[in-house]
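This briefing is for a reader who is meeting the structure for the first time. Please keep the sequence and the model at hand while reading.

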Amino acid sequence: MWPRADNHPDSRLAAVIDVGSNSVRLVIYRVDGRALWTVYNEKVVAGLGKDLPVTGRLSAEGVEAAVAALRRFRAVLEGWRADQVLTAATAAVREAADGRAFLQRVKDEAGLDVRILSGDEEAHYAALGVTAGDPLAKGVVGDLGGSSLELIRLNGKASVEGVTLPLGPFALGAPKPLDVERIRRAVDEHLAPLAGRFRSPEFHAVGGAWRNLALLHMQLADYPLHVAHQYEMSRADAIDVSRFVERQSRTSLEKIQGLSKKRFDTLPYSALVLDRLIERLGIERIVISAYGVREGMLLEAMPPKVRERDPLIAGCEALTSQRGVGPDLGPAIEAWITPLFEGLPPVFGEREPLLIAAACRLADLGARLHPDHRDALVFEQVLRAPIAGMSHPERAFLACVAFSRHSSAAAPPDMSAVSRLLTPDRRQRARALGSAIRLAADLSGRNPVLLEKSSLRLNAGRLHLSTLAGWEDMLLGEQTAKRAQTLAQALKLKLEMGRAA
């Protein structure tokens with residue numbers, strides 16, 4: 001069974017200020033153990049690095065915009081009084097002749113001491129950020145900023161090698177209109193010597209530009225779940241959307257709904273870089289990561305034992321602790337239903353035990369919601385919750401489980417989305433798992449201690465619900481029988497109820 005956090009004794013507020021080549025951003029997080037929640041997010045597209053390739057200096061207009069933004073961020077932080085404030089300046093400030101003078105001005109006027117990340121450090125934190133959102137991530141990470149591209153090879157936990165390349169849109173010529181053939185040759189020249197070292201079928205894309213490409217692909221594909229994190233594109237799909245954007249003028253891009261207005265000049269460059277990476281590195285699958293340098297810095301600052309926890313379990317615990325009643329019900333239900341589901345063929349392979357543990361942590365999520373609407377509300381919360389560590393099919397699975405935990409209805413809300421994300425056998429298993437969690441909660445009166453007096457198992461092809469001697473009265477009542485029968489029907493089994501032998 002997955003270990004339970006001690007009610008998040010290390011909960012705190014943390015802030016990260018990121019001075020990038022294109023944007024300057026403040027993000028304030030609530031950190032509940034291993035789980036990260038965005039409390040506040042503000043960005044100013046200053047364009048610090050847009051003049052750097054020509055002048056070697058930061059944009060004068062960008063400097064003024066950035067200083068004003070950082071003065072405001074300092075004021076916001078005074079109001080929040082975050083327990084931890086981390087700062088980072090990346091490629092443009094690192095490379096500009098006046099980069100350090102700019103940071104001195106920031107210190108003098110905004111009272112912020114901003115740390116300049118080296119190229120290796122930027123790559124390291126980008127890789128950590130990806131693993132913060134997906135501990136099982138493998139392959140290569142690409143973090144595209146305004147001035148640079150960091151490529152990092154992963155071993156599943158941390159970076160093992162990385163490189164910084166001058167392939168950000170500003171370094172390639174933005175905001176000038178994209179000269180496709182010339183820039184393609186320039187990108188290929190940089191990538192050719194690295195193709196062997198960084199060749200990988202799996203690529204984790206970090207950065208706002210590539211998230212915008214993913215959101216555009218969602219629109220074009222009529223994808224039902226607009227969550228960028230862990231969104232996947234095949235090689236063919238990513239090439240198609242990249243080349244579509246490469247060919248668009250600024251006027252054409254302005255007509256596409258959902259794209260960031262601040263990226264019209266740079267998005268074609270970002271699309272071309274992704275196109276060439278796919279071709280040069282032999283990429284077959286692109287996974288979008290909403291986590292990057294900021295989250296990598298936060299992960300590194302966590303105690304080692306906290307870092308080792310699974311972000312999905314931690315996120316589900318934290319979400320329920322905010323909206324549920326107590327922290328003990330979920331782990332107790334996990335222990336109670338595990339013997340049953342261990343006897344069934346898995347529908348998510350090795351991920352099955354983790355998903356069962358996560359679903360049980362969500363058992364109490366609807367405790368403070370109106371009983372007439374709990375099923376639909378928890379479905380929507382889980383489907384779109386900012387919880388890391390799960391793929392989109394796994395997200396849909398947990399949402400369906402949460403729905404069936406509160407409803408005996410066969411079909412959850414937004415069935416068209418669920419049908420595209422889950423196979424029939426996974427939809428059926430979600431219904432069974434949600435029904436088992438509902439039975440556990442109602443049988444015990446949501447009391448973890450009472451669950452220990454009963455058991456749920458497969459017995460000679462039948463579903464057997466039993467109690468210890470002296471606790472037979474737990475099985476009485478119309479609701480108990482109804483919940484048990486719903487689970488048996490979901491599993492297509494005969495039900496037996498009685499005292500344990």
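Both faces of strand 1 are covered: Arg 12, Ala 14, Val 16 and Asp 18 are buried on one side, and Leu 13, Ala 15, Ile 17 and Val 19 are buried on the other. The model is a predicted one.

- Strand 1 spans residues 12-19 and is mostly covered, with eight of its eight residues buried.
- In a regular strand, side chains alternate between the two faces of the sheet.
- Strand 1 pairs with strand 2 (residues 23-32) in the antiparallel sense, over eight bridges.
- With strand 4 (residues 84-89), strand 1 runs parallel, and six bridges join the two.

- Four strands make up an open sheet with mixed pairing, in the order 3-2-1-4.
- Strand 3 (35-45) and strand 4 are the edge strands, each pairing on one side only.
- On average, neighbouring strands of this sheet are turned by 15° against each other, direction ignored.
- Strand 2 and strand 3 are paired in the antiparallel sense over 10 bridges, and Ser 23 stands opposite Val 45 in strand 3.
- Helix 2 (residues 60-80) packs on the sheet and touches strand 1, strand 2, strand 3 and strand 4.
- The direction of helix 2 makes about 20° with that of strand 2.
- Helix 13 (residues 293-301) also lies across strand 1, strand 2, strand 3 and strand 4, and runs at about 135° to strand 4.

**Strand 8**

- Strand 8 (residues 202-206) is largely enclosed by the rest of the structure, because five of its five residues are buried.
- Glu 202, His 204 and Val 206 point one way from strand 8, while Phe 203 and Ala 205 point the other way, and all are buried.
- Strand 5 (residues 139-144) runs parallel to strand 8, and four bridges join them.
- Asp 143 stands opposite Val 206 in strand 8.
- Strand 10 (residues 285-289) pairs with strand 8 in the parallel sense over five bridges.
- His 204 stands opposite Val 287 in strand 10.

**Helix 21 with helix 23**

- Helix 21 (residues 424-443) packs against helix 23 at an angle of about 160°, and their axes are 8 Å apart.
- Angles over 145 degrees count as roughly antiparallel, so helix 21 is roughly antiparallel to helix 23.
- The crossing in which helix 21 passes helix 23 is left-handed.
- By class, this contact has eight nonpolar, six polar and four charged residues.
- Residues of helix 21 in the contact include Arg 431, Ser 435, Leu 439 and Asp 442.
- On the side of helix 23, the contact includes Arg 483, Thr 486, Leu 487 and Ala 490.

**Helix 17 with helix 19**

- Helix 17 (residues 352-361) and helix 19 (residues 392-406) pack at an angle of about 45°, with axes 10 Å apart.
- The two helices, helix 17 and helix 19, are therefore oblique to each other.
- Their crossing is right-handed.
- Helix 17 contributes Leu 355, Ala 358 and Ala 359 to the contact, and helix 19 contributes Glu 394, Phe 397, Leu 398 and Val 401.
- These residues divide into six nonpolar, no polar and one charged.

**Two single residues**

- Is Thr 486 buried or exposed? Its relative accessible area is 16%, and the cut-off for buried is under 20%, so Thr 486 counts as buried.
- Thr 486 lies in helix 23 (residues 478-491).
- Leaving aside residues up to four places away in sequence, Thr 486 touches Ser 408 and Ser 435.
- Gln 257 lies in the loop between helix 11 (250-254) and helix 12 (267-281).
- Gln 257 is exposed, because its relative accessible area is 66% and the cut-off for exposed is over 50%.
- Gln 257 and Ser 466 are 209 residues apart along the chain, and their C-alpha atoms are separated by 57 Å.

Terms used
Residues numbered from 1 in each chain as written. Predicted model: local features only at pLDDT ≥ 70, side-chain atom pairs only at ≥ 80, totals over all residues. Heavy atoms only, no water. Buried < 20%, exposed > 50% of the residue type's maximum accessible area, 1.4 Å probe, protein only. Contact = heavy atoms within 4.5 Å. Axes fitted to C-alpha atoms, helices over the stretch in contact; angles between N-to-C directions. Parallel < 35°, antiparallel > 145°, perpendicular 65-115°, else oblique. Left-handed = near helix turned anticlockwise from the far one by under 90°. Nonpolar A, V, L, I, M, F, W, Y, C, P; charged D, E, K, R; others polar. Pairing = 2+ DSSP bridges.
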